[in-house]
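Thanks for coming. I will go through one model today, from the overall fold down to single residues. Please have the sequence and the structure open.

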Amino acid sequence: MHMTVIDSAITDTLPSHIPSNLVKAVDYNNDPALKIDPYLALAPLHDGPPIFWNPLNIRHNGLGTWDVPRASYMREILADQATFSSKNCAGFSALIGESWLMTPLEIDPPDHGFYRNFLNPLFSPVAVKKMDERIQKRAQDLIDGFKDRGHCEFITEFARPFPIAIIMQLLGLPIEELDIFIDWGQRLLHGESLEVKAQAANEIHIYLKDRIAEKRRNPQDDFISYICKTEVDGRRLNDDECMGICYLMFVGGLDTVASSLGFQFHHLASHPEHRKYLIENPKKIPAAVEEYLRRFSSVMTARQVTTDIDFHGVTMKAGDWITLVQASTSIDPLEYENPMEVDFERRHRHLAFSFGPHFCLGSHIGRRELNVALEKILVQLPNLRIKPDSSVITHGGAVFGVAHLELEWDS
Ligand code: HEM
């Protein structure tokens, strides 16, 4: 089972600097093979050129993108923000006619450093340690909801609500609105049309705008209040800056952790020997989390070329977009020996949290959530397995993930 990679015959609509031998049409959203195993579907990309032009991966300039399956090239691109800018790389505000940028993701250095210096301490290992009790409690509450039943649909009952609840608590938003947040996240990242995504982007924007105004008037002990009232370099952040930061917090921790949890528990439920090993060797759980992050890296990031260049023999023009598809860079055979194999002894050098200045700000929270989920579920549901006759459904898109995963265990 491999994804269909069609060599495009329609070369006359291509920008003039794109050579036809570098064109490959890959549909990361709708190819049916992505619903079965997105990594297996993308593995054949490593038999082709390490950079190719994908006319199906359309950006807001109406053109396709340079797609990069090779991990070492991805690292080079992410490290060089002067040549490869992240401005508008997510593009949610442009989708709804706004001009704020998702901050700090869509801000290039040196301005990027201003925001990171201010935000880093709030997401440090020490800060995350203070959240630990809440993370543990939220995981346990969700497990208690299905433990005695002997089965669950893991994605809707754990993988999605767990990280979103943590983000909502961090931001200081009412947990009763959890289902609304989950729905927004699904429509924004996986809506079937641009209109559906724009509608969700707009609803989130209106909601966050109201919360920012409210917390400016009546600050509480939470993240939104903190960023609204704190002075940075002698000034307060303005409404657009607060919106850009809050929006990114909402999107950043949403699907990423849920996706990792889905792939991780799908693998554990179908590999009893790995489960047994981790139950007997709980100290190996952090290493297992890193290997799962590598094997099932899920985020698609983008950069825009700022100047005409030759990149490893490929002519790129200022304005071209590049897509970094982690689902293929994470299984690059030049980077990892036996890349499809899950090996808890592997040395960690994955790109799941990106690389360079935009290295994930929430990595410590994400890692802690993944570790807590493994620690708790393996002990309490040691013989969990995929429910017979159920289908596991995966998906591609902005963040690759698992859409449906029915698990059962002896209760
Ligand atoms: C397993 C979980 C996670 C994964 C795999 C992940 C992945 C990533 C990736 C790949 C990037 C860089 C994107 C780019 O370079 O274009 C990123 C950036 C970011 N992530 Fe995460 N993330 C995770 C969890 C979180 C969480 C829980 C939060 C929030 C609490 C978060 C907040 C952010 C922020 C704010 C940035 C932007 C950093 C910057 O631009 O300096 N992430 N993440």
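The radius of gyration I use is taken over C-alpha atoms, and the rule for a globule is 2.2 Å times the number of residues to the power 0.38. For 411 residues that rule puts a compact globule near 22 Å; the protein has 21 Å, so the two agree. Keep in mind that this is a predicted model. The C-alpha trace spans about 60 × 55 × 40 Å along its principal axes. The protein has 16 helices and 14 strands. Of the 411 residues, 42% are buried. If we take contacts between residues at least 6 apart in sequence, 68% of them join residues at least 24 apart.

In soluble globular proteins, nonpolar side chains tend to be buried together. Here the largest nonpolar core holds 110 residues, and Cys246 and Tyr247 touch the most other members. Which helix gives this core its largest share? That is α11, residues 239-252, with nine residues. Setting aside residues up to four places away in sequence, Tyr247 touches Phe92, Met102, Ile204 and Leu208.

On to the ligand. It is surrounded by 25 residues, and the closest are Gly252, Gly253, Cys360, Gly362 and Gly366. Helix α11 comes up again here: α11, α12 (255-270) and α16 each supply at least two residues of the shell. By class, that shell has 14 nonpolar, 10 polar and one charged residues.

Next, the strands. Five of them form an open sheet with mixed pairing, in the order β1-β2-β10-β7-β3. The edges are β1 (52-54) and β3 (84-85), each of which pairs on one side only. At the β3 end, two bridges join β3 to β7, residues 300-305, and the two strands run antiparallel. Within that pair, Phe84 has Val305 in β7 as its bridge partner.

There is also a hairpin made by β12 and β13. Strand β12, residues 393-395, is joined to β13, residues 401-404, by three bridges, again antiparallel. Ile393 stands opposite His404 in β13. Five residues lie between the strands of this hairpin, and Gly397 takes a positive phi near 100°.

That leaves the backbone exceptions. Most residues other than glycine have a negative phi, and most peptide bonds are trans. Where are the cis bonds in this model? One joins Thr103 and Pro104, with omega about 10°. Another joins Pro109 and Pro110, with omega about 5°. Pro104 lies in the loop between α3 (92-95) and α4 (111-119), and Pro110 is found in the loop between α3 and α4 as well.

His312 sits in the loop between β8 (309-311) and β9 (314-316). Asn338 is in the loop between α15 (326-329) and α16 (363-380). Are they buried or exposed? His312 has 12 inside 10 Å, so it counts as exposed. Asn338 has 10, so it is exposed too.

Definitions and conventions. Residues are numbered from 1 along each chain as its sequence is written. This is a predicted model: local features need pLDDT of at least 70, side-chain atom pairs count only at pLDDT 80 or more; totals for chains, interfaces and linings use all residues. A nonpolar core is a set of buried Ala, Val, Leu, Ile, Met, Phe, Trp, Tyr and Cys residues joined through C-beta atoms within 7 Å. A residue is buried if 20 or more other C-beta atoms lie within 10 Å of its own, exposed if 12 or fewer, and partly exposed in between; C-beta atoms are placed from the backbone. Helices (H or I, at least four residues) and strands (E, at least two) are DSSP runs, numbered from the N terminus. Two residues are in contact if their C-beta atoms, placed from the backbone, lie within 7 Å. Two strands pair if DSSP finds at least two bridges between them. A residue is near a molecule or strand if its C-beta atom, placed from the backbone, lies within 6 Å of it. Ala, Val, Leu, Ile, Met, Phe, Trp, Tyr, Cys and Pro count as nonpolar, Asp, Glu, Lys and Arg as charged, and the others, Gly among them, as polar.
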